[in-house]
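Q: I have a model open and would like to learn how to read its features one by one. Where do we begin?

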Amino acid sequence: MNRDHLPAPVIGAGRTLIRRYGMTTAALRPGPDFLLIGAKRGGSTSLYYGLLEHPRIMPLFPSARLLPKRNDTKGVHYFDSHYELGDAWYRSHFPAVAARRAASRRAGGRVLVGEGSPYYLFHPLAAERAGRDVPDTKILLILRDPVERAFSHYRERRRQNAEDLPTFEDALAAEADRLAGEADKIRTCPGYRSYAHEQQSYRAQSEYAPHLRRWLLHFPPERVHVLVAEEFYADQQKAIDEVATFLGLPKAPLPKAASKVWNPAPSADLKPETRQSLAEHYAPFNADLEKLLGRSLPWTKP
């Protein structure tokens with residue numbers, strides 16, 4: 001089906017009916033086997049759709065193969081932006097037990113389902129909520145050079161006409177004021193959603209170590225697998241194989257189409273002085289991250 005030929009009201013009505021059906025059958029829909037928690041603009045989209053090429057990983061419900069959707073749904077954003085909608089709403093996005101069993105028979109082994117919401121890493125409550133609601137799930141995280149990620153985030157907002165400030169430097173200068181008090185409001189005001197916290201936190205979202213530490217308070221290290229975006233793009237097959245092993249799945253060859261890079265944003269026009277300033281800002285965060293991971297990172301090498 002081609003969604004481009006359908007009126008928007010028809011698409012909207014269809015989504016509403018599907019979600020209602022999913023919610024009425026939520027008790028038959030197990031939650032996620034894995035969560036891909038970020039980072040935003042860090043390669044999570046490429047990683048998620050690469051994982052969907054594995055024969056024993058199912059897409060979320062409903063599958064794009066059955067509806068006029070361009071791509072399978074990647075993220076539900078339940079533990080960050082939609083938590084007030086409740087568990088039945090969340091589970092409505094996952095395949096039912098019967099569908100999983102049928103897929104397992106076709107694949108010759110148990111299939112897994114997960115979702116990828118990159119704001120989870122940075123959101124101040126997502127880790128606690130996930131640890132309480134889905135404590136047995138496994139956590140995936142892909143991290144990119146923090147300077148590159150921050151600038152890519154800004155470039156994305158500009159492309160979407162969602163950032164008024166004309167330069168990255170202007171946005172960095174405004175960030176502290178934009179974010180002032182927002183994390184506290186998220187923590188204390190049920191249902192509060194902050195555009196500034198999610199979308200204008202260019203510098204802050206690349207301060208990876210404290211965000212990862214928050215997740216490690218709720219999920220033990222053996223349930224957390226961290227990838228480095230630069231290594232992922234250099235050898236996607238190796239990276240996907242490592243994730244499969246972490247998830248308890250056999251390795252499987254990726255089709256050539258799986259090497260697509262989603263949402264690229266070249267950074268050749270980032271000013272050298274801005275790059276240097278950010279690199280200095282991130283140095284202590286990178287050092288802490290290397291201690292957490294027990295390994296060196298490609299963007300810290302001279």
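**Reading the strands and the fold**

A: Begin with a strand pair: strand β4 (residues 138–143) and β5 run parallel to each other and are joined by five bridges. Keep in mind that this is a predicted model.

Q: Which residue of β5 is the bridge partner of Leu143?

A: Leu143 has Val228 as its bridge partner in β5.

Q: How many residues of strand β5 are buried?

A: Here buried means under 20% relative accessible area. Four of the five residues of β5 (residues 224–228) are buried, so this strand is largely enclosed by the rest of the structure.

Q: How many residues of strand β3 are buried?

A: Five of the five residues of β3 (residues 112–116) are buried, so β3 is also largely enclosed by the rest of the structure.

Q: Which way do the side chains of a regular strand point?

A: In a regular strand, they alternate between the two faces of the sheet. In β3, Leu112, Gly114 and Gly116 point one way, while Val113 and Glu115 point the other way. All of these residues are buried.

Q: Which strand do three bridges join to β3?

A: Strand β1 (residues 34–36) is joined to β3 by three bridges, and the two run parallel. Within this pairing, Leu35 has Glu115 of β3 as its bridge partner.

Q: How many bridges join strand β2 to β3?

A: Two bridges join β2 (residues 57–58) to β3, again in parallel.

Q: Now the whole chain. How many helices and strands does the protein chain have?

A: The protein chain has 13 helices and five strands. Its radius of gyration is 19 Å, close to the 19 Å that the globule rule gives for 302 residues, so the chain is as compact as a globular protein of that length. The C-alpha trace spans about 55 × 40 × 40 Å along its principal axes.

Q: What share of the contacts joins residues 24 or more positions apart?

A: Among contacts with a separation of 6 or more, residues 24 or more positions apart account for 77%. As for burial, 51% of the 302 residues count as buried.

Q: What is the accessible surface of the protein chain, and how far apart are the mean positions of its charges?

A: The accessible surface comes to about 14500 Å², and 54% of that belongs to carbon and sulfur atoms. The chain has 44 positive and 35 negative charges, whose mean positions are 8 Å apart.

Methods. Residues are numbered from 1 along each chain as its sequence is written. This is a predicted model: local features need pLDDT of at least 70, side-chain atom pairs count only at pLDDT 80 or more; totals for chains, interfaces and linings use all residues. Side-chain values use heavy atoms; hydrogens and water are left out. The radius of gyration is taken over C-alpha atoms; the globule rule is 2.2 Å times the number of residues to the power 0.38. Buried means under 20% relative accessible area, exposed over 50%, partly exposed in between (1.4 Å probe, protein chains only). Contact means heavy atoms within 4.5 Å. Accessible areas come from the Shrake-Rupley method with a 1.4 Å probe; for residues, only the protein chains shown count as cover. Lys and Arg count as positive and Asp and Glu as negative; His and the chain ends are not counted. The place of a charge is taken as NZ of Lys, CZ of Arg, CG of Asp or CD of Glu. Two strands pair if DSSP finds at least two bridges between them.
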